[in-house]
Amino acid sequence: MLKEVTCDVSSARERDPAARGIGTVEILTGWAGVQALLAHRVAHALWESEVPVIAYTSRAITGVEIHPAASIGEDFFIDHGSGVVIGETAEIGDRVTLYQGVTLGGTGFAPGKRHPTLEDDVTVGSGAKLLGPVTVGRNAKVGANTVVIEDVPAQTTVVGNPGHPVRVEGHPVEGPDTDWIHLPDPIAEAMKELAERIAELEKRLADATGEDATEADVTELRPKKGPSSAGG
C-alpha cells in the first residue's frame with residue numbers, strides 16, 4: 001500500500017505542473033484524483049476478496065466515481081478529477097492519464113465486458129466519452145470532448161464525434177496533432193467543404209449561362225436596406 005501511495009503521489013508531481021514542489025501531505029489532502037485513486041485501490045482489494053464494500057464512498061468527497069471492480073494499473077493519474085466516471089468492467093493499464101469529465105461508460109445491460117480497456121501510456125482529454133467494450137491501444141491519445149465508440153489503434157490520436165484519427169504513429173492523417181489547443185473542428189470543416197462546393201457549382205452555372213455571376217451574386221447576397229426610420 002505504501003508503494004502504491006508513493007507511486008500515485010509521484011505521478012501527480014510529474015504530470016501536474018501545479019503539484020511540482022508540493023509536499024506529499026498537500027497532494028494527498030488537496031488532489032481529488034489522488035484521493036479517489038487511493039480509495040479505489042482499497043475498495044478494489046476488498047472487492048476481489050469478496051468483502052462487502054460501499055461502492056462509491058469517495059464520490060461525494062472527490063467528485064470521481066470509480067466502481068470497485070474496475071481494474072487500474074500502476075502510475076495512473078486523474079488531473080482535476082471532477083466528473084470522472086469509470087465503470088465496473090473498465091480496464092486501465094500503466095501510466096494512463098485522464099483529465100476532468102472523462103467517462104469510461106458501458107452500453108446496454110448485458111452481463112460481461114461492457115466498459116472500455118485503456119492500454120499503457122494512454123492519455124484522454126477533458127470531457128471525452130469512451131463507451132462500450134472498446135480498446136484504446138498503447139500510447140494513443142483521445143482529444144477533449146471526443147466520443148469513442150470504436151477501437152483506437154496504438155500510437156493514434158483521435159478527435160471528434162464520433163472519434164476519428166488525425167495522427168497515426170506520429171504522422172498526420174488530417175489536420176494538426178492534438179496539442180490540446182489546435183484540435184480540428186469536424187463541423188467547421190464540413191461547413192467549409194460545403195461552402196467550397198457551393199462556390200464551385202455557382203461558377204459552373206455562370207460558365208454554362210455565359211454570365212459573370214461574381215459581382216452579381218455578391219450584390220444579390222448583400223442584405224437589402226429597409227426604408228429609413230428617420231423622422232418616422
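Biologist: At 35% relative accessibility, does Glu200 count as buried, exposed or partly exposed?

Modeller: This is a predicted model, in which local features need pLDDT of at least 70 and side-chain atom pairs count only at pLDDT 80 or more, while totals for chains, interfaces and linings use all residues. Residues are numbered from 1 along each chain as its sequence is written, and side-chain values use heavy atoms, with hydrogens and water left out. Buried means under 20% relative accessible area and exposed over 50%, with partly exposed in between (1.4 Å probe, protein chains only). At 35%, Glu200 therefore counts as partly exposed.

Biologist: With which residue does the side chain of Glu200 meet in a salt bridge?

Modeller: A salt bridge is a side-chain nitrogen of Lys or Arg within 4 Å of a carboxyl oxygen of Asp or Glu. At 3.4 Å, N to O, the partner is Arg197.

Biologist: How many residues apart in sequence are the parts that Glu91 and Lys113 tie together?

Modeller: Glu91 forms a salt bridge with Lys113, and their closest N and O atoms are 3.2 Å apart. Glu91 lies in strand E5 (residues 91-92) and Lys113 in the loop between strand E7 (103-105) and strand E8 (117-118), so the separation of the parts they tie together is 22 residues.

Biologist: What is the reach of helix H3 from its first C-alpha to its last?

Modeller: H3 (residues 32-48) has 17 residues. The expected span is 1.5 Å times one less than the number of residues. The computed reach is close to the 24 Å expected, being itself 24 Å.

Biologist: Is Glu48 buried or exposed?

Modeller: Glu48 has its place in helix H3, where the buried residues include Ala32, Leu37 and His44. With a relative accessible area of 58%, Glu48 is exposed.

Biologist: How many residues make up the largest nonpolar core?

Modeller: A nonpolar core is a set of buried Ala, Val, Leu, Ile, Met, Phe, Trp, Tyr and Cys residues joined through side-chain atoms within 4.5 Å. Among the members touching the most others are Phe76, Ile86 and Leu130. Apart from this core lies another, of nine residues, including Val5 and Trp31. The number of residues in the largest nonpolar core is 28.

How values were computed
Helix = DSSP H or I, 4+ residues; strand = E, 2+ residues; numbered from the N terminus.
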